[in-house]
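I opened this model to look up its pockets, its cavities and some of its strands. My entries follow in the order in which I made them.

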Amino acid sequence: MLEAFSEGNEMKVTLEGLTKYFGRVVGAEDLNLEIGDGEFVALLGPSGCGKTTTLLMIAGIYKPTRGYVYFDDRIVNDLPPKDRNVGMVFQSYALYPHMTAFDNISFPLRLKKVPKEEIKRRVQKVADMLGIGELMDRKPAQLSGGQQQRVAVARALVKEPDLLLFDEPLSNLDAKLRLRMRGELKRLQMELGITTIYVTHDQVEAMTMADRIAVLNAGRLQAYGTPDQLYDHPETMFVAGFIGAPPMNFISMNFEERDGAFYLRRGSLELRLPDELGRLAKSNGAHGEVIMGIRPEDIFIAGEGDVRAEVYVIEPLGREDLVTFHLDGERVRVLAPAPFRGKIGEVMSLSYNKDKIHLFDPETERSLLKEE
């Protein structure tokens, strides 16, 4: 079992109204987040959503336009990066090409004038922890991508930081190595107990690694919760469509109440909603046009289904096949057990898991199923 580097190395991070403008361009706007001691939080969103800008404000590299960054109960807006005791791993690893792995890892300690014997001990400890103890004499060009990534992580850890910041550290690795390193980083963080903030555009990375996920878009916070909360109860269409692979299907429907029952209708498709779900949607203002969301794994190809649809394309994924259907001018994705026996152009019946339906307001794009 790995041991924490030092007592009390955990830290709570709070963002209060954090905002950053670059001229008229919004980098981040009015972000309010609390990251607990020892928690692993992912900042997730598409390119340009403000996640790296937020990370750099936490690191002290960018100064906020307004708002505050707290480390525990202390405002650190004016504290320079070198005094924040933060370890940071960049997307490019940012290793010095002319230095050995040992020199790269020890660089922050040498800047602090740590005694040579202490440097040697701490570098060897963290290198052995990451499985690169025998590579200390190699330069970055002699290391694989995964080894370079470990050197960059070791350089961040050797400082014995209170806070670890990762800026898309796995994006330069191939898919197989990315999967392996994902597990290794998660295990390392859990066993060291260091508060960690991890920037990624990959929702699978965020879902599998983080305790909680902050979803950002256009510089604003869209949602903040556990992976299960964001997947099962998305508060907006953006979150619903961004979390989950393959992404959620969205279909414009009419919400109707007849004889005390609730229905969704569009062309040949009519679905009776579970009473509890229908009442909740009504209480949140559902009427007329709504957007129905349903995940590909919650639609089934059945003999006697809810609607008939035409097979448009078939994409084998190995254990499952992703089948796209044409339905009243919409394309609907379905995850089917492999091998799928249908053919392109064939008309088949689809059945919906009605307990897994999501409903959104077409104007605000907010969930109509949020319980107060």
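**Pockets**

I began with the largest pocket, which has a volume of about 690 Å³. The model is predicted, so I kept to its rules: local features need pLDDT of at least 70, side-chain atom pairs count only at pLDDT 80 or more, and totals for chains, interfaces and linings use all residues. Residues are numbered from 1 along each chain as its sequence is written, and side-chain values use heavy atoms, with hydrogens and water left out.

I noted the terms here. On a 1 Å grid over the protein atoms alone, a pocket is an open set of points with protein on both sides within 12 Å along at least five of seven lines, a cavity is a set of points where a 1.4 Å probe fits but cannot get out, and lining residues have an atom within 4 Å of a point. Grid points are joined across faces, edges and corners, and a volume is the space filled by probe spheres set on the points.

The largest pocket is lined by 25 residues, and I found Asp232, His233, Ile357, His358 and Leu369 closest to its centre. β10 (220-225), α7 (227-232) and α9 (275-283) each give two or more residues to this lining; α7 gives the most, with 4 residues. Helices (H or I, at least four residues) and strands (E, at least two) are DSSP runs, numbered from the N terminus. I counted the lining by class as 10 nonpolar, 5 polar and 10 charged residues. Nonpolar covers Ala, Val, Leu, Ile, Met, Phe, Trp, Tyr, Cys and Pro, charged covers Asp, Glu, Lys and Arg, and the others, Gly among them, are polar.

The second largest pocket has a volume of about 530 Å³. Of its 20 lining residues, Val86, Met88, Phe90, Pro108 and Lys159 lie nearest its centre. I listed β6 (86-89), α2 (101-111) and α4 (145-157) as each supplying at least two lining residues. This lining has 12 nonpolar, 2 polar and 6 charged residues.

**Cavities**

I found 2 cavities of 30 Å³ or more.

**Strands**

I traced an open sheet of 4 strands in the order β2-β1-β4-β5, paired antiparallel. β2 (25-35) and β5 (74-75) are at the edges with a single partner strand each, so one side of each has no neighbour in the sheet. Two strands count as paired if DSSP finds at least two bridges between them. Strand β4 (residues 66-71) is joined to β5 by 2 bridges, and Tyr70 stands opposite Ile75 in β5.

Which residues does Glu29 touch, leaving aside its neighbours within four places in sequence? I get Leu18, Thr19, Tyr21, Arg66, Gly219 and Arg220, where contact means heavy atoms within 4.5 Å. Glu29 is in strand β2 and is buried, with a relative accessible area of 17%. Buried means under 20% relative accessible area (1.4 Å probe, protein chains only).

Last, I checked the hairpin of β12 and β13, which has 2 residues between its strands; Gly267 in the turn has a positive phi of about 55°. I noted 4 bridges between β12 (residues 261-266) and β13, which run antiparallel. Leu264 has Leu271 as its bridge partner in β13. In β13 (residues 269-272), Leu269 and Leu271 form the covered face, and Glu270 and Arg272 the uncovered one.

Note on methods:
Buried < 20%, exposed > 50% of the residue type's maximum accessible area, 1.4 Å probe, protein only.
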